[in-house]
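Please look over the sequence and the model shown below before reading on. The briefing that follows goes through a few topics in turn, for someone meeting this structure here.

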Amino acid sequence: MLKCLVMAMVCSLAYLASADNLERFVPEDTRIMGRLRPRMALELSALKGDDAEAKSWRETIEAYNIFGGGSLPAKVLVIYNPARFGNGPVVIVPVTNTPEEMRAKLEKLTLDFPDVIKLGELPNKDYIGFRLIVNNKNPIEIYYLDKDAVALTNGSFAPAELKAGEKPAPILEHFKDSGELEVIRISSMGAGFIPSELFGRSLNATTLKLSKGADEKTAFLLNGILEFDKPETAAQSSFLIPLVLGAVIMQATDDAWLVEQISKKLKVYPEGNKVMIDLPVSETLLKALKEKYQSQIPGATANGNPVAKTEVIEIKPVENTPAAR
């Protein structure tokens with residue numbers, strides 16, 4: 001009897017592990033992949049707040065969660081290969097909702113936001129799923145890959161493409177050392193999302209990570225790993241990277257103060273054929289950034305006083321629907 005119970009527990013755990021193993025859908029030739037933990041992301045201080053607006057925002061996200069499980073998914077994969085997927089990435093999400101339960105959630109969305117979202121049928125009749133049209137032009141196709149996972153795409157690929165090869169995708173090697181506090185990780189084979197003219201063909205792989213701070217003073221941590229063809233190239237690049245980052249931030253924000261604050265905390269150093277990048281963002285810096293850029297957010301307040309009024313178009317549920325009552 002005890003042996004049977006143990007075997008049942010082992011089988012159950014194996015099933016749960018396989019259900020959460022989204023990597024089984026990653027093709028061997030995937031060039032760029034991201035892993036997000038949406039549930040954990042909502043706990044970041046940058047997104048978490050105690051004011052009414054923040055609470056309402058979080059409640060709305062939970063209310064329109066189409067995937068089930070009572071909360072946002074614990075893990076989501078985003079994969080991309082220009083040669084395979086055309087113009088857009090594919091998002092793979094674990095689900096507990098059946099197709100019928102998801103349809104009910106989607107129908108609620110279309111009722112509450114009829115001018116924004118329209119629900120249709122998939123053009124590929126070999127799969128179970130749904131087609132959404134957003135703002136009358138942007139299609140989002142949701143395919144059930146099996147009862148535990150769905151794929152979200154812009155319709156530029158066939159779902160049958162989502163399967164592992166005979167060998168695990170090489171890019172999965174860059175996701176083995178994830179910590180419990182890691183929220184987002186994006187890796188690419190080669191330069192990927194970094195302009196190739198910066199390092200030529202010497203960059204073998206790139207990884208960027210965002211993690212929760214381990215103490216109350218740290219809002220989050222940004223880390224990067226750039227893997228080069230040889231240690232000499234890594235050593236040379238470690239001197240170039242801080243200059244490039246400063247120039248990019250300055251060009252994007254035109255804020256010398258921000259560049260200075262980041263430069264004080266930024267650490268870039270070679271480690272073999274890799275360049276390691278560490279940037280802790282403190283709660284103090286995050287608060288200063290929020291106050292500094294508050295006036296650029298429509299409808300926000302600065303130091304407790306409303307900023308100059310800006311016309312904002314709000315999307316609200318239609319009256320007499322469950323979400324509007």
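The model is a predicted one. In these terms, Lys147 is found in the loop that lies between strand 6 and strand 7, the latter covering residues 149-153.

- An open sheet is formed by 12 strands, which follow the order 4-5-6-7-3-2-1-8-9-10-12-11 with antiparallel pairing.
- Strand 4 and strand 11, the latter covering residues 267-271, are the edge strands, and each of them pairs on one side only.
- From one strand to the next, the twist averages 15°.
- Helix 6, made of residues 231-253, lies across strand 10 (218-228), strand 11 and strand 12 (274-282), and it runs at about 175° to strand 11.

**Strands 4, 5 and 6**
- Strand 4, residues 117-120, pairs with strand 5, residues 129-134, in the antiparallel sense over four bridges, and within this pairing Leu119 has Leu132 of strand 5 as its bridge partner.
- Strand 5 also pairs in the antiparallel sense with strand 6, residues 138-146, over six bridges.

- The side chains of Lys147 and Asp148 are joined by a polar contact of 3.4 Å.
- Lys147 and Pro99 are 48 residues apart along the chain, and their C-alpha atoms are separated by 8.6 Å.

- Arg37 has its place in the loop between strand 1, residues 32-36, and helix 2, residues 38-41.
- Although Arg37 is buried, it has no salt bridge, and the nearest side chain of opposite charge, that of Glu182, is 5.7 Å away, whereas a salt bridge requires a distance within 4 Å.
- Leaving aside neighbours within four places in sequence, the residues in contact with Arg37 are Ala74, Lys75, Ser178, Gly179, Glu180, Glu182 and Val183.

Technical notes: Residues are numbered from 1 along each chain as its sequence is written. This is a predicted model: local features need pLDDT of at least 70, side-chain atom pairs count only at pLDDT 80 or more; totals for chains, interfaces and linings use all residues. Side-chain values use heavy atoms; hydrogens and water are left out. Two strands pair if DSSP finds at least two bridges between them. Helices (H or I, at least four residues) and strands (E, at least two) are DSSP runs, numbered from the N terminus. A polar contact is a pair of N or O atoms within 3.5 Å; within protein, one must be able to donate a hydrogen and the other to accept it, and residues adjacent in sequence count only if both atoms are side-chain atoms. Axes are lines fitted to C-alpha atoms, for helices over the stretch in contact, and angles run from 0 to 180 degrees between N-to-C directions. Contact means heavy atoms within 4.5 Å. Buried means under 20% relative accessible area, exposed over 50%, partly exposed in between (1.4 Å probe, protein chains only). Lys and Arg count as positive and Asp and Glu as negative; His and the chain ends are not counted.
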